[in-house]
Amino acid sequence: MRRIIDTQVATSGTARGINRGIVLNLIRRRQPISRADLARVSGLQRSTVSLITEQLIRERWVVYGSTGRLPRGRRPTFLQLNNRRAILAVDLRPAITTLAVSDVNGRFLSQQSVQTPTNPDIAAKIFSEKLRVMMDEHPDLVFEGIGISIPGRLDKKRQRVVFAPNLKWPEFDLKAPLERATGLQVDMENAANACVLAEVWFGQTERPQNLVVVTVSEGVGVGIFSDGHLLHGANGMAGEFGHISLNEKGPLCGCGGRGCWEVYASNWAARRYYRQNEDSDGPSFPDLLLLAEGGDRQALRALDQMAQEIGRGMRTIIAGLSPSEIVFVGEFTKLWSHVSPVIEKAVAQSVLIGSPPRIRPAAAEPSIARLRGTVALVLQKHFGPAARIEERQHRFAERHSAAVVQ
Ligand SMILES: [Zn+2]
C-alpha cells in the first residue's frame, strides 16, 4: 500500500478532504481526544484516522496532549489542536477597528483598537504596520492568515468591498496591500456573516442547520446559514434585509433609499428616539443603555421603540428564510430581559406554521463575535466549510477511504 501524504491542503470536496475535515473538527470540538475515540465517533476506520492524524501532526495542526487514564491496559495518547497556530483577526468598524491575535481555538492572545481611518489607503498602511508589529511580538506563533470582518458586502470573486454605506469609503481593496505587507493570505467577510461563522464554529449549538444572525449596530445586518451553508448570493449581497424599505417617505438611509428597516431598528435610530427628533446629539448608544439600566424612562422608551422596530423586521426574515434559530448580536442585547419579550412576541406572530424559531443573544459580545468569525473564516479552508458534517458524507468518505490512502 502506498501512502499519499503530502503537505498540500486537500480541497474539501474530495473524499480525502472530507475525512480530514471530519477528523480536524472532531479534535477541535472534543479535544483532547484519543485516536480510538476519533475512529469511534467519526465512524472512520482506525487506519484512516491514523493516517490523517499522522499527517496533521506533521503539518503542525495537531499536537500530542495529555496521556489518558484507563482502568487497565494501554494508556491512549490524546490529541489536541496546536495552540501555536495563530490567526490575525481584524474587526473593521465605521468608528473603531480592532486588531487581534487569536489561536486556533478562538482564544485571543493580544488585542488593540485604533480609530478607523477616513480612507482605505491610510487604513491599509496603518493596519499593515500594526499587524506586522503584532506578528513580531509573537515570534513563537505560526501565523496562518488574516481574517477581516467588514461592515459591508464583498464581491468574493474580485475580493473588493462593494457596499459599505456606513463606512463611507469608496469601493476598496484591503486584501492586496495587507498581503504584500505581511506575506499572509487575507480573507474578508461581511460582519453579519462573520457572526454566523462564530456561532457555527464556536457557538453553543453543536450542529446548527438553519440559523440567522441579526447584527444591530450603526446599521442592521443579517447573516444567513441555510441548510448548513452560509449564503452569499450574487455580489455577496444576500441578507440585506436592513435595506428593505418599510416606508418610502421615511428617514434617509446610508444606502440612498428612504425608510429602510435599519433607519428604524439601529443604534442610531434608538438615539433618535431618545432625542425625540430634537437637533442635539444626545447620549451615545452605550450611554443610552446605561441610562436605561438606571431606569431612565426616556431611555427605556427609546429602547422599547427600537425593540418594536427590530420585531417589525422579523416577519420578512421568518417568511423568507424559515430559520430554526435567530441570534442577535449588538450592544442592545445587554438589556436582553427588557427587549426580548417585545421581539419574542413579534417572532411568535410571524410564524405561519410550526413552532417559532428560538431567539437568543450571541454568547460573545459583538466585537469578539466578529473577531471569532474571522478566525473561523481563515480556518475553514483547512477544516472544511462548516462544522456540520452530514451522516451521508461520513459514509461517502468511508466508502472512498480505500482510494484515499492507497
Ligand atoms: Zn438603506
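1. Start with what sits over helix H11 (residues 336-350): the cover on its buried residues includes helix H10 (297-321), strand S14 (325-329) and strand S15 (358-361). Cover here is by contact, meaning heavy atoms within 4.5 Å. The helices (H or I, at least four residues) and strands (E, at least two) are DSSP runs, numbered from the N terminus. This is a predicted model, where local features need pLDDT of at least 70, side-chain atom pairs count only at pLDDT 80 or more, and totals for chains, interfaces and linings use all residues. Residues are numbered from 1 along each chain as its sequence is written, and side-chain values use heavy atoms, with hydrogens and water left out.

2. Which residues of H11 are buried? They are Trp336, Val339, Ser340, Ile343, Ala346, Val347 and Ser350; buried means under 20% relative accessible area, exposed over 50%, partly exposed in between (1.4 Å probe, protein chains only). An α-helix has 3.6 residues a turn, so residues three or four places apart point the same way. With 15 residues, H11 reaches 20 Å from first C-alpha to last, close to the 21 Å expected at 1.5 Å a residue (1.5 Å times one less than the number of residues).

3. Now the sheet. It is open and mixed, with 5 strands in the order S6-S5-S4-S7-S10; two strands pair if DSSP finds at least two bridges between them. Strand S6 (108-115) and strand S10 (186-190) are the edges, each pairing on one side only. From one strand to the next, the twist averages 20 degrees. Strand S7 (residues 142-150) runs parallel to S10 over 5 bridges, and Ser149 stands opposite Glu189 in S10.

4. Two helices to look at against that sheet. Helix H4 (residues 120-137) packs on it, touching strand S4 (85-92), strand S5 (96-103), S6 and S7, with its direction at about 25 degrees to that of S5. Helix H12 (residues 366-383) lies across S4, S5, S6, S7 and S10, at about 135 degrees to S4. Axes are lines fitted to C-alpha atoms, for helices over the stretch in contact, and angles run from 0 to 180 degrees between N-to-C directions.

5. On to the largest pocket, with a volume of about 560 Å³. Its lining counts 29 residues, and the closest to its centre are Glu218, Asn267, Glu331, Pro366 and Arg370. The elements giving two or more residues to this lining are S5, S6, strand S11 (211-216), helix H8 (267-275), helix H9 (285-293), S14 and H12. On a 1 Å grid over the protein atoms alone, a pocket is an open set with protein on both sides within 12 Å along at least five of seven lines, a cavity is a set of points where a 1.4 Å probe fits but cannot get out, and lining residues have an atom within 4 Å of a point. Grid points are joined across faces, edges and corners, and a volume is the space filled by probe spheres set on the points.

6. Asn267 of H8 is worth a click. Asn267 is buried, at a relative accessible area of 5%, and its contacts include Glu218, Phe285, Met306 and Glu331. Asn267 and Glu331 sit 64 residues apart in sequence but 8.5 Å apart in space, C-alpha to C-alpha.

7. Val329 belongs to S14. Why does Val329 count as buried? Because its relative accessibility is 3%. Val329 touches, among others, Cys195, Val213, Ala362 and Pro366.
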